[in-house]
Amino acid sequence: METYVVVLAGFGALVLLTAWLPMVLRALPLSLPICCVGIGAALSLIPTVAGLSLRPSEHFGLIEHATEGVVIISLMGAGLKIDRLIGWRRWAVTWRLLGIAMPLTILALTVFAWVLLGVGTATALLLGASLAPTDPVLASDVQVGHPTEGGEDEMRFALTSEAGLNDGLAFPFVNLAMALAGSGTLAGLSWGHWLSVDVVWKIVVGAVLGGLIGRGLGWLTFHLPNASKLSRTGDGFVALGATCLTYGIVQVADGYGFVGVFATALALRASHHSHEYHRKMHTYAEELERLLMMVLLVGFGVALVAGGLLSGLTLPAVGFVVLALVVVRPASGWIGLLGSGLPSDERAVIAFFGIRGLGTMYYLAFALNHARFEAPDLLWATAGLTVLVSIILHGVTVTPVLRFLDHRSGRDTQIGQLEIPLRQEPS
């Protein structure tokens, strides 16, 4: 039997599962990512699949670009569904998570990696920066609902906006780790160049250029003469075009494309805040993101079992993973939210649900593809276990925890996998 035919049939089955599983899982303490990883692990029992070469060290470029694609699509979807207009006071919780919690997380993870794993500063910093961001792809279960749906509570808004921005803001520290790996010592670094270019310039270019592109696309979509505006097409895949166009332009301009895509989504949404076409674009982006996520997580499950992803794992690395998920992120998030005025239970939820996922894999693949770091197998094993434990831990707890808080606060929010509504079929 031709491999192509088998792959085609398997892809068809995966597409059908993408539509069906969220509906089935919405009432269960399970998540779609858990099922995807489980499917990949089960497929590893097939000899043909088990014989595939899925070691990350042999596919840096493939992993980098595949995860990059799903992250930018997720960032567009996240930006489009945020109802709250951006502002210093309106986004105060977000700025706390980005400006306080995230640097504390990177610092703590770097120190723990250096102490527990015995790696150098560059490698420890790379691991810390890769694991610091809340993943915009796997965090869908704790994000706000569809555009114009209303009723955004502070918990879901905080986690959505944080996931939209912190992926791009982790890049300066990844670049710092790469520069440190090249120079070998902290004294040999050009700190002025790092601060002015990697921190200030690239972030500003991403935010400003992304905002300008979003405003321009908003004019084309909503404010052209009636017969010419893009919104009249009704095509949701305009979101994909906006994503790819923005990412390419910002990257060419030497800015952070992740920041640019999210800024474009926010500006596009603000250009006609309540237009129904935003829901159309968001729905398309969400469906495409879900499909790509399933494909990548099935591959992740295969890599765990058949690809030996965890073969470089050590006992200190297991301890590092536990500290990262149970201590570092919750503690950093809690500290960052002190004085925010949020109830303690909501602060605890925001601090705890810092889900790690495909963004981590992207940063590792990107850095290892462009610089030389020590112990790459240990890096992959540690990051892989962190993502696996995060998928299981957060996936099992998210639905009951948020439902409990919603019920107690009187919010009528329908928490299901990926916020997919159930439609009544005519009898």
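This is a predicted model: local features need pLDDT of at least 70, side-chain atom pairs count only at pLDDT 80 or more; totals for chains, interfaces and linings use all residues.
Helices here are DSSP runs of type H or I with at least four residues, and strands are E runs of at least two.

Figure 1. Of its 427 residues, 52% count as buried. Look at contacts between residues at least 6 apart in sequence, and you'll find that 83% of them join residues at least 24 apart.

Figure 2. Asn 175 sits in α8, the helix covering residues 171-183. Is Asn 175 buried or exposed? Its relative accessibility is 14%, and buried means under 20%, so Asn 175 counts as buried. Its side chain makes a polar contact with the side chain of Asp 198, at 3.3 Å. Setting aside neighbours within four places in sequence, Asn 175 touches Asp 198 along with Lys 202, Tyr 256 and Phe 366.

**Figure 3. A close-up of Leu 230 in a loop.** Here we're in the loop between α9 (191-223) and α10 (238-252), which is where Leu 230 lies. Leu 230 has 29% relative accessibility, so it counts as partly exposed. Which residues is Leu 230 in contact with, leaving aside its neighbours within four places in sequence? They are Leu 220, Thr 221, Val 238 and Tyr 277. Trp 219 is 11 residues away from Leu 230 along the chain, and the C-alpha atoms of the two are separated by 9.1 Å.

How values were computed
Residues are numbered from 1 along each chain as its sequence is written. Side-chain values use heavy atoms; hydrogens and water are left out. Buried means under 20% relative accessible area, exposed over 50%, partly exposed in between (1.4 Å probe, protein chains only). Contact means heavy atoms within 4.5 Å. A polar contact is a pair of N or O atoms within 3.5 Å; within protein, one must be able to donate a hydrogen and the other to accept it, and residues adjacent in sequence count only if both atoms are side-chain atoms.
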